[in-house]
Amino acid sequence: MSENYHYLPLVKQFLPPEAEVFELTEPDSRIAIFTADLDGDQIFEIAAAYRLKGDHYVMILKNNHNTWHQAANMKGNSAFFAEFYTAAEYDRFIVTEERADVTGDGIPDTVFLTANQLAPDSSYLNNITLNIKDGRNGQVQQIPLKQNAGYDPSLFLGDFTGDKIDDILVVIDSGGSGGMIFAYVFSYKDRSFKQIFDSDAFNESNKYEVLYLDQFKAQVDSLKPAKRYILDLQYKGKEYLNEIYKKDGTLKAPVEGWVAPLSGLYPVDFERDGMYELDAYQNIAGRYSADGLGYMMNVLKWDGLKFVTNRQSIAIFGEDKE
């Protein structure tokens with residue numbers, strides 16, 4: 001990349017004075033600037049990697065009518081400049097990427113998640129960040145996530161609000177024993193992205209009570225919506241039931257279970273009208289987390305202001321037949 005040193009004065013025109021373009025001197029002089037047709041329009045762009053106040057960035061410059069302008073400025077590392085980062089620094093990468101029109105201008109945008117990997121052999125990621133590259137002007141907007149660490153972050157783009165503009169669903173596995181997830185939905189409203197779903201808020205507003213009853217049953221109460229479910233526990237088997245119940249079917253002692261935080265959130269167009277609902281799953285636990293009694297399932301639908309439970313049900317586990 002030594003032949004690209006002559007682009008350095010141009011690149012510096014678009015950088016803060018304290019920014020430092022990455023540079024190597026061994027075994028030969030190289031600077032973190034290169035030219036390539038990055039967007040497939042048969043016009044070469046300039047890409048440059050730099051450090052600013054301890055953070056890493058990649059800037060893209062584009063030439064329109066003989067005038068250079070900044071097309072993108074992204075926080076994080078790029079594989080194109082891997083040799084310029086130390087082993088400790090080169091840990092940020094694009095996890096997943098999708099394309100759709102999420103701003104409503106009819107031009108596909110690029111939506112991607114970036115993250116840091118703490119160790120080469122670890123699948124645990126932190127600093128997970130949502131990025132939206134505007135398809136019209138190439139500008140990249142970064143949206144921090146409240147819970148930004150975990151496993152297997154995923155993206156889904158689809159219309160949840162019925163405005164014919166795709167919204168953004170982000171789901172991250174927490175990695176905990178309860179299988180909890182972190183989930184967020186972002187929608188473009190009034191020229192900016194707004195968060196319209198937060199798994200923490202969902203968990204806080206959806207409360208339940210789980211009580212074991214005499215005669216090998218469990219009662220599950222949903223407080224909102226107000227519903228009651230009675231589960232038959234006889235499929236659990238004699239060994240399980242004998243630990244809890246007397247021979248006459250009465251409880252040896254009171255037993256309470258619980259409904260765990262959100263463990264699954266799936267976009268489904270139940271009505272096949274082009275508008276997606278959220279199918280939310282929560283594990284119903286008995287005496288301990290692995291003692292599953294079934295799943296509380298809420299279908300969430302946008303009502304114009306927020307997601308509300310459109311219908312609720314419980315899925316139970318079947319008994320194995322010999």
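The legends below describe close-up views of a predicted model. Local features need pLDDT of at least 70 and side-chain atom pairs count only at pLDDT 80 or more, while totals for chains, interfaces and linings use all residues. Residues are numbered from 1 along each chain as its sequence is written, and side-chain values use heavy atoms, with hydrogens and water left out.

**View A. The largest nonpolar core has 20 residues.** Such a core is a set of buried (under 20% relative accessible area, 1.4 Å probe, protein chains only) Ala, Val, Leu, Ile, Met, Phe, Trp, Tyr and Cys residues joined through side-chain atoms within 4.5 Å. Val111, Leu130, Ile132, Leu145, Ile168 and Val170 have the most contacts inside it. Strands 9, 10, 12, 13 and 14 each supply at least two of its residues; strands are DSSP runs of E, at least two residues, numbered from the N terminus. Strand 10 gives the largest share, 4 residues.

**View B. Tyr281 and Tyr295 form an edge-to-face aromatic pair.** Rings of Phe, Tyr and Trp (its six-membered ring) pair if their centres lie within 6.5 Å, and planes over 60 degrees apart count as edge-to-face. Here the centres are 5.9 Å apart and the planes 65 degrees. Tyr281 lies in strand 20 and Tyr295 in strand 21, so the pair ties together parts 14 residues apart in sequence. Tyr295 also pairs edge-to-face with Phe317, at 5.8 Å and 70 degrees.

**View C. Arg311 lies over the face of Phe270.** The distance to the ring centre is 4.6 Å. A charge sits over a ring if NZ of Lys or CZ of Arg is within 6 Å of the ring centre and within 35 degrees of the ring normal. The charged end of Lys236 sits over the ring of Tyr240, 4.9 Å from its centre.

Methods
Buried means under 20% relative accessible area, exposed over 50%, partly exposed in between (1.4 Å probe, protein chains only). Rings of Phe, Tyr and Trp (its six-membered ring) pair if their centres lie within 6.5 Å; planes under 30 degrees apart count as stacked, over 60 as edge-to-face and the rest as tilted.
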